[in-house]
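Subject: Structure handover

Hello,

Here is the structure I said I would pass on. Please open it first and keep it beside you while you read my notes.

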Amino acid sequence: MEKKMGWFDAMGFYQALDATRQARKLTWRQVAAKSGIAASTLTRMAQGKRPDVDSLAALTAWSGLRADDFVRDREGQAEAEPLAMISTYLRSDANLTPEAADALDELIKATYNRLRKGK
């Protein structure tokens, strides 16, 4: 049997979903209702379980997240550098001024560099 080429980072997806939920000031029950999935699916995801494909599709449609952004290769590395992706997203956020995006970018980079493995 061949090795899988990649895996889905379910906890990473859940954390991004949580950030979306918080930004929209919603409860998990409201997320379930707006996305059309069972609240129990979100509870299972919080416990590290993977969503079924239909729930994943509903959550990506509701949140605007892209499922392929959470597919990791065998070594666990995303294709793009995480900090580059964060910087890009911050600068494209219409809710942030350029100065605010720069401030968040600096804060995130400093924290990332302090906490990353193998520094």
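In which loop does D9 lie? D9 is found in the loop that runs between β1 and α1. Please keep in mind that this is a predicted model.

D9 has a relative accessibility of 17%, so it counts as buried, the cut-off for buried being under 20%. Apart from neighbours within four places in sequence, D9 touches F70 and R72. With R72 there is also a polar contact between the side chains, at 3.2 Å.

The other part to look at is α4, which covers residues 53-63. Helix α2, residues 28-35, packs against α4 at an angle of about 100 degrees, and the two axes are 9 Å apart. The two helices are therefore roughly perpendicular to each other, since angles of 65 to 115 degrees fall in that class. On the α2 side, V31, K34 and S35 make the contact, and on the α4 side A58, L59 and W62 do. By type, the residues in this contact are four nonpolar, one polar and one charged.

Within α4, the residues S55, L56, A58, L59, T60, W62 and S63 are buried. Their cover includes β1 (6-8), α1 (10-23), α2 and α3 (39-46).

Both ends of α4 have something to note. Just after the helix α4 comes G64, with a positive phi of about 85 degrees.

Regards

Terms used. Residues are numbered from 1 along each chain as its sequence is written. This is a predicted model: local features need pLDDT of at least 70, side-chain atom pairs count only at pLDDT 80 or more; totals for chains, interfaces and linings use all residues. Side-chain values use heavy atoms; hydrogens and water are left out. Axes are lines fitted to C-alpha atoms, for helices over the stretch in contact, and angles run from 0 to 180 degrees between N-to-C directions. Helices (H or I, at least four residues) and strands (E, at least two) are DSSP runs, numbered from the N terminus. Angles under 35 degrees count as roughly parallel, over 145 as roughly antiparallel, 65 to 115 as roughly perpendicular and the rest as oblique. Contact means heavy atoms within 4.5 Å. Ala, Val, Leu, Ile, Met, Phe, Trp, Tyr, Cys and Pro count as nonpolar, Asp, Glu, Lys and Arg as charged, and the others, Gly among them, as polar. Buried means under 20% relative accessible area, exposed over 50%, partly exposed in between (1.4 Å probe, protein chains only). A polar contact is a pair of N or O atoms within 3.5 Å; within protein, one must be able to donate a hydrogen and the other to accept it, and residues adjacent in sequence count only if both atoms are side-chain atoms.
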